[in-house]
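Here is a walk through one protein model for someone meeting it for the first time.

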Amino acid sequence: SSPTHVERTHGIARGEVVSNVIVREIRVLSPTIKGFTLHVCNPNLTFRPGQWVDLHIPEENIVGGYSITSTPLCLVTAGTIDLAIQYSTHPPAHWMHTKCKVADELSIQVGGDFYYAPSSPGDERELLLVAGGMGINPLFSILQHQAHTHPSRKVKLLFVAKTTSSLLFKDQLERLCANRDSIEVQYFVTREVPSNPNINTRRITREDLTQ
C-alpha cells in the first residue's frame, strides 16, 4: 500500500500549535473537489504561504494532509483558513466529502518546509510559479499573498490540468489578473480542446518557462 501522509512527511517539522477548527463553509470547486473554510479556534496558530496542515478527524484514525489555499492575511483578519480536497477513497478525504458538515469540529497542525519566504525590500525579480492539477493549492496561497504584500512585483503562473473544469480557482485568478497588471496566468489543458481560446491545448514546454 502507498505510504500515508504522516509516513511521507516523517521528519518534516510541524508547528508547535495544535488548534481545533470549526467548519464554516463547504463549497463545490469542481466535479471532484470541495473547498472548506475552517474557523481556527487558537489565535496562536500561524502559517506561511505554501504550507499544509495535518487534519485530524475525530472519527478517523488516519491523518489527512492538505495544502492551505488561503493567505496568512485571511487568518489574521477573518480567523479562517481554506482547504481544497479532492474526492478519493482515502479515509480522511472520503470523510470530508461524504460526512463533513458545517459546524463540525476538527483539529489541525501546520507543517511543511516548502513555503514562500518574503523577498528583501527592493527585490523586483519576477516570480515564476508552475502548477499541475492539485499542485495549484499551495501556489494559489503564495500568489494571493504576493499580490497583497508586494503588488508591483511581476508574477507569472503556468497552470496545467487535464480539463478546463480541473483548473481550480480560475475565476479568482482571473480577478487577480484584472486587478494587477503585474500578474500573468497562462492555462494549459491536456485532455480536451477548450472552447476558451486563451487556454492552451498542450503541456507546458521549456519555451514557456523561459519566455
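Let's start at Phe169, which sits in the loop between strand 8 (155–161) and helix 5 (170–179). Helices here (H or I, at least four residues) and strands (E, at least two) are DSSP runs, numbered from the N terminus. Phe169 has a positive phi of about 65° even though it is not a glycine. Its relative accessibility is 9%, so Phe169 counts as buried. For that label, buried means under 20% relative accessible area, exposed means over 50%, and partly exposed is in between (1.4 Å probe, protein chains only).

A quick word on ground rules: this is a predicted model, where local features need pLDDT of at least 70, side-chain atom pairs count only at pLDDT 80 or more, and totals for chains, interfaces and linings use all residues. Residues are numbered from 1 along each chain as its sequence is written, and side-chain values use heavy atoms, with hydrogens and water left out.

At 40% relative accessibility, Ser165 counts as partly exposed. Leaving aside residues up to four places away in sequence, Ser165 touches Ser30 and Pro31; a contact means heavy atoms within 4.5 Å. Ser165 and Ile183 are 18 residues apart in sequence, and their C-alpha atoms are 22 Å apart in space.

**Stepping back**

What does the whole chain look like? The protein chain has six helices and 10 strands. Its C-alpha trace spans about 50 × 45 × 30 Å along the principal axes. A compact globule of 211 residues would have a radius of gyration near 17 Å, and the protein chain agrees because its value is 17 Å. That radius is taken over C-alpha atoms, and the globule rule is 2.2 Å times the number of residues to the power 0.38.

Of the 211 residues, 45% count as buried. Look also at contacts between residues at least 6 apart in sequence: 69% of them join residues at least 24 apart. The protein chain exposes about 11,200 Å², with carbon and sulfur atoms supplying 50% of it. Those areas come from the Shrake-Rupley method with a 1.4 Å probe, and for residues only the protein chains shown count as cover.

As for charge, there are 20 positive and 20 negative side chains, and the centres of the two sets lie 3 Å apart. Lys and Arg count as positive and Asp and Glu as negative, while His and the chain ends are not counted. The place of a charge is taken as NZ of Lys, CZ of Arg, CG of Asp or CD of Glu.

**Helix 4, tucked inside**

Is helix 4 largely enclosed or largely open? With 12 of its 14 residues buried, helix 4 is largely enclosed by the rest of the structure. The buried ones include Ile136, Phe140, Leu143 and Ala147. Helix 4 covers residues 136–149 and reaches 20 Å from its first C-alpha to its last, close to the 20 Å expected at 1.5 Å a residue. That expected span is 1.5 Å times one less than the number of residues.

His145 lies in helix 4. Not counting residues up to four places away in sequence, His145 touches Pro49, Thr71, Pro72 and Tyr116.

**Helix 3 and strand 5**

In helix 3 (residues 91–98), the buried residues are Pro92, Ala93, Trp95, Met96 and His97. Their cover includes strand 2 (33–40), strand 3 (52–56), strand 4 (64–67), strand 5 (80–86) and strand 6 (105–111).

Strand 5 is where you'll find Ile81. Beyond residues up to four places away in sequence, Ile81 has contacts that include Phe36, Leu38, Val53 and Ile108. Val40 is another residue touched by Ile81; these two are 41 residues apart in sequence and 7.2 Å apart in space, C-alpha to C-alpha.

Between helix 3 and strand 6 there is a loop that holds Ala103. Ala103 has a positive phi of about 90°, although it is not a glycine.

| Residue | Relative accessibility | Class |
|---|---|---|
| Ile81 | 0% | buried |
| His145 | 14% | buried |
| Arg8 | 53% | exposed |
| Ala103 | 55% | exposed |

Arg8, listed in the table, belongs to helix 1 (residues 5–8). Arg8 and Lys170 are 162 residues apart in sequence and 29 Å apart in space, C-alpha to C-alpha.
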